[in-house]
Amino acid sequence: MTVAQASESESRKLLVALRDAMAEDSAGQARLDKIVRLTAQSMGTEVCSIYLFRDADTLELCATEGLNPEAVHQTRMRVGEGLVGRVARRNRVINTADAPGSKGFRYMAETGEEIYSSFLGLPIQRLGETLGVLVVQSKEAREYSEDEIYALEVVAMVLAEMTELGAFVGEGDALAAPHQRPMTLTGTVAQEGVAQGQVWLHEPRVVVTTPVGDDPDIELERMNTALEQLRVGVDKMLAGARTGDKDQLEILEAYRMFANSKGWRRRMEEDIARGLSAEAAVEKEQSAARVRMEQVGDAYLRERLHDLDDLSNKLLRLLTGQGSDTGAELPDEPILVARNIGPGELLDYGRSLKGIILSEGSVGSHAAIVARALAIPLLINVGKIETEALNGDPIMVDGDQGLVHLRPDDSVKTAFQDKIAMQRQAASRYADLRDLPATGTCGTTVSLHMNAGLLADLPSLDGSGAEGVGLFRTELQFLQASSMPKRAELSAQYERVMNAAHGKRVAFRTLDIGSDKVLPYMKPEDEPNPAMGWRAIRVGLDKPGVLRMQLQAMMRASNGRPLTVMFPFVAQLHEFNAAKEQLDKVLMREERLGHALPSKIEIGAMLETPSLAFAPKQFFDDVDFLSIGGNDLKQFFFAADRENERVRKRYDTLNTSFMNFLEMIVGRCQESGTALSFCGEDAGRPIEAACFAALGMPSLSMRPASIGPVKHMLRRLNLVELKDLIDDTRNGGAQSIRQDVTAWIKDQIG
Ligand code: PEP
Ligand code: MG
């Protein structure tokens, strides 16, 4: 038997002994005591100790063989403190022959550890979540071998799984089952509002109930069968993939690479040889990949590690038979928890969701826009939410402060409910303003409209007091469908929208697909930069069939009533003219066919590229109205991707350059008498809205829930004075007017 084989067989014996210890009907503490005893014996070390987290920053000695037993549940250290705290902070192994001489060493007198020279500590972690630290120590000054580290890693893995299963529950915080403690997590607000409900995991986690394998040969066979199934599955996905979808192909290629990776397979085989079950071996490598993921800065590598994570989940599902569909029912008040989600998937859930929490995501994404359209509070970048939350956990989303309260305790619940009550009061104050105009104290009136995209949004038209729909995003219906909608379906939908608007103006924006709005039934383009690629009106003009079908559906829906059409992403005069030509063609055809024509057609364009602001005067004369799509306009103005959290926040909307630019657009529209509105997300933010209005923006379109707060703000301000302040601030050389404006508003309205 080679040294490695001997070590593997020793590991296996230890794991089987640990499993048997777990099977005994003993308390959590007794189990931990047995584990440290067995591990020290098997490893031939004088000390083995287990430290577990008692709260987010403190570790507690929970069991020891070799150190002073009195220190158990007494010795505590903060993350980062001493060698144990450093293992937890850095999520890495510390292996030293001279612990007292090592950087960060802190002597814990009560443990009596001063006589032990060597120290090997490693994190007890599960899927990137550190649950504690496992340590062995010896008097002899020596570094532990690779084999010994491996053996201890396998023990740590079993410990992590057992902790997850609640095997060590007992007295005290550190011995509480994981996923039971209340916790507060922070994130970035993508949609304001508060919500409470129960966790609904978009991708439910697989639970490994048998971390130790009975027979390595059987486990190996199970692993081989599952890997083979996985490979066949990936090949099938690749064969069925759409050739133009670069992202999908890249992911599938990465899947194939990992599924065939000898290194990955070898590591899992070694884990099995040391006594882990096949599923525990997959999870061990998955955990290691998650830790690497947290440490890797390179976006491409992170994506690939994500792919490995996804593939590991697939393999786990094959091994455990636990599918995505766990049979669990959507709770009454579901708060969706996911890594990320596309706009189409979100629409599938629709309004049943009370809140959405993503561990990644971006504020400018269309999923965020859908969440806003549906008025569902959304937090993004909430790290650890996926590993912490379990299906059905009580959860509260504070989309004003960017906080998530998971399994909140009573005091948090009460404070939260007070907050909800206060918001209700504010909502009723806004309701009182519903029929009043948004007129500032200077007498200037701004017209407020709402953005919509679904028929279900229309009731908000009356409720919010909006004068009309300034932006109807027609692509949401396309995103919801599984195949290209037919003209008759579209026409029926638009008719319902117009009926529900009761004569108020609805600006129908023609299809804005491309960028991240990918229709599942349309061949996606392989583009290096889809936000600046073949999207919106560019697609409409190159493939005018769908554009004409949509225009025809709108005309039929109007059935003799006035119609407002808006073309998205127009970058130059020529594109607008070409789109208008298509509309004229449809109009003539409809007339020929004897259909009732709209009594009046307003034809507008979205100003979303800086170029259009500099278009020939002819354009401003020809277009009936312009609507500034600030979300896109800002990303192109500052060259800052609206979906990239890193750069998105670098540039303030109230940046002087952007203000000057908007003012120039206002000026050009005034010169030519062109109606102008602003319909990007910023229009719904009261301070931004006030600045736009002060610069002369006559109309703003926003999500319905923002109309009350914006109107409340505008009615209390003198916009002429605000304009003077903006001018002074700009002339003073400020990069952004935000600070001065915010202080001034505070001074004005308290
Ligand atoms: C915008 O770009 O501001 C806009 C309203 O369009 P969308 O967000 O749908 O791209
Ligand atoms: Mg846009």
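Visitor: How far apart are N and O where the side chains of E153 and K284 meet in a salt bridge?

Guide: In this predicted model, where local features need pLDDT of at least 70, side-chain atom pairs count only at pLDDT 80 or more, while totals for chains, interfaces and linings use all residues. Side-chain values use heavy atoms without hydrogens and water, residues are numbered from 1 along each chain as its sequence is written, and chains are lettered from A and ligands numbered from 1 in the order in which they are written. A salt bridge means a side-chain nitrogen of Lys or Arg within 4 Å of a carboxyl oxygen of Asp or Glu. For E153 and K284 the N to O distance is 3.1 Å.

Visitor: How many residues apart are E153 and K284?

Guide: Helices here are DSSP runs of H or I with at least four residues, strands are runs of E with at least two, and both are numbered from the N terminus. E153 belongs to helix α4 (residues 146–164) and K284 to helix α8 (residues 278–295), so that the pair links distant parts of the chain, 131 residues apart.

Visitor: Is K284 buried or exposed?

Guide: Buried means under 20% relative accessible area, exposed means over 50%, and partly exposed lies in between, using a 1.4 Å probe and protein chains only. E153, at 30% relative accessibility, counts as partly exposed. K284 has a relative accessibility of 11%, and therefore counts as buried.

Visitor: Which residues coordinate the magnesium ion (ligand 2)?

Guide: Donors are N, O and S atoms within 2.8 Å of the metal (3.2 Å for Na, K and Ca), and sites may look incomplete because water is not among the atoms. At 2.0 to 2.1 Å, the magnesium ion is coordinated through OE and OD atoms, which belong to E608 and D632.

Visitor: How many residues apart in sequence are the parts that E608 and D632 tie together?

Guide: E608 lies in the loop between β20 (601–607) and α20 (610–613), whereas D632 lies in helix α22 (residues 630–637). E608 is buried because its relative accessibility is 2%, and D632 is buried with a relative accessible area of 2%. The pair therefore ties together parts whose separation in sequence is 24 residues.

Visitor: Which residues are linked with D632 in a network of salt bridges?

Guide: Side chains of opposite charge can pair when their charged atoms come close. In the network that includes D632, the linked residues are E475, R509, D512, R535 and R642.
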